[in-house]
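This report describes charged side chains and a pocket in one protein model. The sequence and structure come first, and the text follows.

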Amino acid sequence: MAKREIIIPKGMESLVDKFHYAPAVKVDNTLYISGQLGRDENLQVIEGAVAQYTQAFENLKAVLAAAGATLENVVDLVTYHTDMRDIMRFLEVKNRYFTKDYPAWTAIGVSALAMPGLLVEIKATAVL
C-alpha cells in the first residue's frame with residue numbers, strides 16, 4: 001500500500017482540530033489539497049472579492065510549501081464560485097499566481113460554500 005502523509009501547514013492546526021480534515025494528503029508523489037478559502041487563521045472571512053481570492057491563493061501556497069512544493073507543482077485546479085459573474089475578476093487574481101505552466105482548470109458555480117460570505121474555494125492536485 002502507498003504511504004499516506006497528512007500535511008498541516010503552520011497556522012492551520014485549528015482548522016484540523018475544529019473540522020477534522022487534512023489540508024492536504026500526500027500519497028507517493030501526488031499531493032491532494034483540500035479546498036482553500038479566503039479566510040485567515042482565526043477563521044475570519046476576508047472582506048472584498050479580490051482580497052478574498054488573494055487570501056485563498058495564499059492559503060493554497062501555504063499548503064504547498066508545507067509539502068515542499070510550489071504553485072508550479074499544481075497540475076489540476078478546481079474552483080467553486082458563488083457568483084460566476086465575477087469570474088473575470090477572479091481570473092485576474094489567478095493569473096498573478098499562475099504565470100506559466102498552467103494547470104488544468106475547472107470553474108464551477110455553486111449556491112453556497114462552507115461559511116457565510118465566502119466567494120470562492122480552491123481545490124488542487126499537485127505532483128511533487
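R89 and D86 form a salt bridge, with their closest N and O atoms 2.9 Å apart; the term stands for a side-chain nitrogen of Lys or Arg within 4 Å of a carboxyl oxygen of Asp or Glu. The model is a predicted one, in which local features need pLDDT of at least 70 and side-chain atom pairs count only at pLDDT 80 or more, while totals for chains, interfaces and linings use all residues. Residues are numbered from 1 along each chain as its sequence is written, and side-chain values use heavy atoms, with hydrogens and water left out.

**Salt bridges**

Side chains of opposite charge can pair when their charged atoms come close. The whole structure holds three salt bridges.

| Salt bridge | Closest N to O |
|---|---|
| R89 and D86 | 2.9 Å |
| R85 and D83 | 2.9 Å |

Accessibility is given as relative accessible area: buried is under 20%, exposed is over 50%, and partly exposed is in between (1.4 Å probe, protein chains only). D86 is buried at 16%, whereas R89 is partly exposed at 39%. R85 is exposed at 77%, and D83 is partly exposed at 30%. K61 is partly exposed at 35%, and E58 is partly exposed at 33%. K61 and E58 both belong to helix 2, three residues apart, or about one turn of the helix.

**R39**

R39 sits in the loop between strand 3 (30-37) and helix 2 (49-66). Helices (H or I, at least four residues) and strands (E, at least two) are DSSP runs numbered from the N terminus. R39 is buried but has no salt bridge, and D40, the nearest side chain of opposite charge, is 7.4 Å away. For charge, Lys and Arg count as positive and Asp and Glu as negative; His and the chain ends are not counted. Beyond its neighbours within four places in sequence, R39 has contacts (heavy atoms within 4.5 Å) that include L15, F19, Y21, Q55, N59 and M115.

**Largest pocket**

The largest pocket has about 180 Å³ of space. Of its 14 lining residues, M12, L15, R39, D40 and N59 are the closest to its centre. A pocket is an open set of points on a 1 Å grid over the protein atoms alone, where a 1.4 Å probe fits, with protein on both sides within 12 Å along at least five of seven lines; lining residues have an atom within 4 Å of a point. Volume is the space filled by probe spheres set on the points, which are joined across faces, edges and corners. Strand 3 and helix 2 each supply at least two residues of this lining.
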